[in-house]
Amino acid sequence: MNNNSASIPDICCIGHITHDKVITPKFEAHMPGGTAYYFAKALVNFDHSAFSLITAVGEDNKEVIDELRADGIDVTVLPSRHSVFFENKYAENMADRTQRVLAKADPFTTENLAGAKARIFHLGTLLADDFSFEVIKYLSGIGIVSVDIQGYLRHVIGEKVYPVDYDMKREAMPYIHILKANEMEMKVLTGLSDPYEAARELADWGCREVLLTLGENGSLIYADGCFHEIPAIPASEVVDTTGCGDTYMAGYLYMRARGASYQEAGTFAAAMCTLKIGRKGPFDGTPADVAAILPACC
């Protein structure tokens, strides 16, 4: 996947940056979020020439754009009436969460992405209507399409989020080169609970690189007819898991774009996640920080 054109970034992440309201028994806070935000922040201390971001936000999130640009990230902002506004309310048990969508951003279209250029487009879906099938098909004609499937499995009715299957999955999969899903999402997509069987199923539908993140059990990559088992690298402390999957994809795609093997890229991504969950907020380390905790075999 080496890029020979300096004018075209290796990776372009496309997705909404959210306005998140977090309510717990101890505090209430407002903060930016979403795949686009966590993915971009994860690469702040990496080679900026290799990465760009396309997002759509309302006036309430313009300060976040200024922050990312000050970090040196190439950001294109598309017009939107609103930002995605999530309210996450937690009980005493932090696993008990209720979520509402208080505002939605305008979807991405083939028209407003007409000038997009990259070797790899990573679609950071948050809600089911962020990207149509036509957008996936269009971008696949320009570069490699990578998709985090999570948003396609979230449908909003009123202010509530309901889990759904992705009704265009079989049509879309031949145009998706790289697919990332967690354990729950793979079950919704395939109906299978065994990650090896689920990965084969997704590949049979046409996806060429299947990435399944399995929490403390690490991750599994299926590509070119072979499985690559990526162990989780233990963290000394778990502080904040928000955006861990986005951090994984940032590390994985960054390394793949530089010619790393599936195993090498997956292990690097796992190490980034270990560093990320040990501190609050987005990953803010360097490639050297990641290399320092890689297993000796890698």
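Where is the place of D240? In this predicted model, D240 lies in the loop between β15 (226-230) and α7.

Close-up 1. D240 belongs to the loop that lies between β15 (226-230) and α7. With a relative accessibility of 14%, D240 counts as buried, the cut-off for this class being under 20%. When its neighbours within four places in sequence are left aside, D240 is in contact with K276, I277, R279, K280 and G281. Of these contact partners, K276 and I277 also take part in the meeting of α8 with α7.

**Close-up 2. Helix α7 in its surroundings.** Helix α7 covers residues 244-257. The helix has 14 residues and reaches 20 Å from its first C-alpha to its last, which is close to the 20 Å expected at 1.5 Å a residue. Because 12 of the 14 residues of α7 are buried, the helix is largely enclosed by the rest of the structure. The buried residues are D246, T247, Y248, M249, A250, G251, Y252, L253, Y254, M255, R256 and A257. G259 follows α7 and has a positive phi, near 90 degrees.

**Close-up 3. Packing of helices α7 and α8.** Two packed helices are described by the angle between their axes and the distance between the axes. Here α7 and α8 (residues 262-277) pack at an angle of about 145 degrees, and their axes are 8 Å apart. Their crossing is right-handed. From α7, the residues C244, T247, Y248, G251, Y252, M255 and R256 take part; in α8 they meet Y262, A265, G266, F268, A269, A270, M272, C273, K276 and I277. The residues of this contact divide into 12 nonpolar, 3 polar and 2 charged.

**Close-up 4. The open sheet of 9 strands.** The strand order is β5-β4-β1-β8-β9-β12-β13-β14-β15, and the pairing is mixed. β5 (74-79) and β15 are the edge strands, each pairing on one side only. On average, neighbouring strands of this sheet are turned by 15 degrees against each other, direction ignored. Strand β1 pairs with β4 (residues 51-57) in the parallel sense over 4 bridges, and the bridge partner of I11 in β4 is F51. Helix α2 (residues 62-70) packs on the sheet and touches β4 and β5. The direction of α2 makes about 160 degrees with that of β5.

**Close-up 5. Strand β8 between β1 and β9.** In the strand order, β8 stands between β1 and β9. β8 (residues 120-124) is largely enclosed by the rest of the structure, because 5 of its 5 residues are buried. In a regular strand the side chains alternate between the two faces of the sheet. I120, H122 and G124 point one way from β8, while F121 and L123 point the other way, and all are buried. Strand β1 (residues 11-15) pairs with β8 in the parallel sense over 5 bridges, with I14 opposite L123. β8 is also joined to β9 (residues 144-148) by 5 bridges, and these two strands run parallel. V145 in β9 is the bridge partner of F121.

**Close-up 6. The hairpin of β10 and β11.** Strands β10 (residues 154-157) and β11 (residues 160-163) run antiparallel and are joined by 4 bridges. V156 stands opposite V161 in β11. The hairpin has 2 residues between the strands, and G158 takes a positive phi near 70 degrees.

Methods: Residues are numbered from 1 along each chain as its sequence is written. This is a predicted model: local features need pLDDT of at least 70, side-chain atom pairs count only at pLDDT 80 or more; totals for chains, interfaces and linings use all residues. Side-chain values use heavy atoms; hydrogens and water are left out. Axes are lines fitted to C-alpha atoms, for helices over the stretch in contact, and angles run from 0 to 180 degrees between N-to-C directions. A crossing is left-handed if the near helix is turned anticlockwise from the far one by less than a right angle, and right-handed if clockwise. Contact means heavy atoms within 4.5 Å. Ala, Val, Leu, Ile, Met, Phe, Trp, Tyr, Cys and Pro count as nonpolar, Asp, Glu, Lys and Arg as charged, and the others, Gly among them, as polar. Two strands pair if DSSP finds at least two bridges between them. The expected span of a helix is 1.5 Å times one less than its number of residues. Buried means under 20% relative accessible area, exposed over 50%, partly exposed in between (1.4 Å probe, protein chains only).
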